[in-house]
Amino acid sequence: MPDPGAAMILPWQKDVALIPSDLWCDGAPFEACSRNILGRQVARAKEMGFTMNLGMEAEFFVFRDEGEGRGEEAGRDPVSPKEHLEKPAYDTARLLDNLPWHQELEDAMNSLGWDVYSFDHEDGIGQVEVDFAYADVKTMADRYVFLRLMANCIAEKHGAYASFMPKPFGERTGSGAHFNMSLADAKTGANLFKTDDDPRGCDLSELGYQFLAGILKHLPAIMATVAPQVNSYKRLVKQGSMSGFTWAPIFACYGNNNRTNAMRIPKGGGRVELRAADSACNPYLGAAMCLAAGLQGIEEGLDPGEPNTDNMYLANARELKKRKISMLPRTLDEAGTEFEKDPISKPVFGEAMFASWSEYKRDEWLSYLNHVSDWERSRYLRFF
């Protein structure tokens, strides 16, 4: 069932429009459709008087398309020919080399009314970030899926391709797609997370803290949807970037304007940011799980405790135990187990999608385990 209000004319092929649609079967919404799964949570929020707004920070790599296939050397040829820097983040010269395709992408996004407000060369060689205005959660999910298609189509015109693989290289930063979430009054549109009277000093309302606490409670299960690939968990490490820290979360905790927490309250408050979400996520499923968990946090009046304001990468085991902070899942297998046992997963996904998603991710993990890698051959072939 096409959603005409969500239609997007392809900026690079203006005689074609893409219309996001809800799948129907036998005259009724198909329960296992990702967009319908999110739609059910949007309807639940509306019944409670809320609209969820979402902003997603799009990070991805762009490489020259030399037809190198998918082997060990794939992706080693960035668009910029300049010598690699030890710390390439925000490098203007590299950004200028990428500007021909990047400017075309930004113009395309703005022609669709997305309001691009920042872009930069990120921490990895060949990595970029583009940020655009938030929208209601379903609109943002539609736009992010469309962005992945659009980035590749435009990059191809310039002899390149866009990769939304979360962690293409062990020594480079991974690509996130941070979820910036807030609830608004369904009637007035007023931001219900913003306050100037926060005793914790983060400018977040009590409703916002309850929503955040609900996500923290179910975050291990949510991880299976916002970090959905084997490769996702190679991004979620403390170190593994040319600049030192990866700035990807490893603990299920929250803090103020502190990027070492899984959940961050950016300066100025009014929203909460889930930093664990990556570039490969299904935004409909990830947002549905976050919204369901957040609404449950509101219904139960949950409290996340005091914010963590120090560098969580440097916290020792004793400190973590004292604060009752646990690690995020370390692998897709761990995240899948948490997803399967969490009581909100099946009601959010529905019986069929819950079973299919779980089986698919189990098969993906087993396929990875059965693969014999270069690391294994290098380590064991002549071990004895």
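Reader: On what basis are the values computed?

Author: This is a predicted model, in which local features need pLDDT of at least 70 and side-chain atom pairs count only at pLDDT 80 or more, while totals for chains, interfaces and linings use all residues. Residues are numbered from 1 along each chain as its sequence is written, and side-chain values use heavy atoms, with hydrogens and water left out.

Reader: Why is Gly174 called buried?

Author: Buried means under 20% relative accessible area, exposed over 50%, and partly exposed in between, with a 1.4 Å probe and protein chains only. Gly174 has a relative accessible area of 5%, and is therefore buried.

Reader: Where is Gly174 found, and with which residues is Gly174 in contact?

Author: Gly174 is found in the loop between E10 and strand E11 (179-185); strands (E, at least two residues) and helices (H or I, at least four) are DSSP runs numbered from the N terminus. Leaving aside neighbours within four places in sequence, Gly174 is in contact (heavy atoms within 4.5 Å) with Glu59, Gln127, Pro166, Lys167 and Arg235.

Reader: What makes both faces of strand E10 covered?

Author: In E10 (residues 160-163), Ala160 and Ala162 on one side are buried, as are Tyr161 and Ser163 on the other.

Reader: How do you know that strand E6 and E10 pair?

Author: Two strands pair if DSSP finds at least two bridges between them. Strand E6 (residues 58-64) and E10 have four bridges, in the antiparallel sense. Ala160 in E10 is the bridge partner of Arg64.

Reader: Why does Gly268 count as partly exposed?

Author: Gly268 has 30% relative accessibility, and therefore counts as partly exposed. The place of Gly268 is in the loop between strand E15 (263-264) and strand E16 (272-274). Not counting residues up to four places away in sequence, Gly268 touches Lys194 and Asp203.

Reader: What makes Asp3 and Arg35 a salt bridge?

Author: A salt bridge is a side-chain nitrogen of Lys or Arg within 4 Å of a carboxyl oxygen of Asp or Glu. For Asp3 and Arg35, the closest N and O atoms are 2.9 Å apart. Asp3 lies in the segment before strand E1 (8-9) and Arg35 in helix H1 (residues 34-47), so this pair ties together parts that are 32 residues apart in sequence. Asp3 counts as partly exposed because its relative accessibility is 26%, whereas Arg35, at 4%, counts as buried.

Reader: With which residue does Arg35 form a salt bridge at 2.8 Å?

Author: Arg35 forms that salt bridge with Asp142. This pair links distant parts of the chain, with Arg35 in helix H1 and Asp142 in helix H3 (residues 137-157), 107 residues apart. Both Arg35 and Asp142 are buried.

Reader: How many salt bridges does a search of the whole structure find?

Author: The search finds 19 salt bridges. One of them joins the side chains of Asp310 and Arg323, at 2.7 Å from N to O.

Reader: Why does Trp375 count as exposed?

Author: Trp375 has 52% relative accessibility, and so counts as exposed. The place of Trp375 is in helix H10 (residues 374-380).
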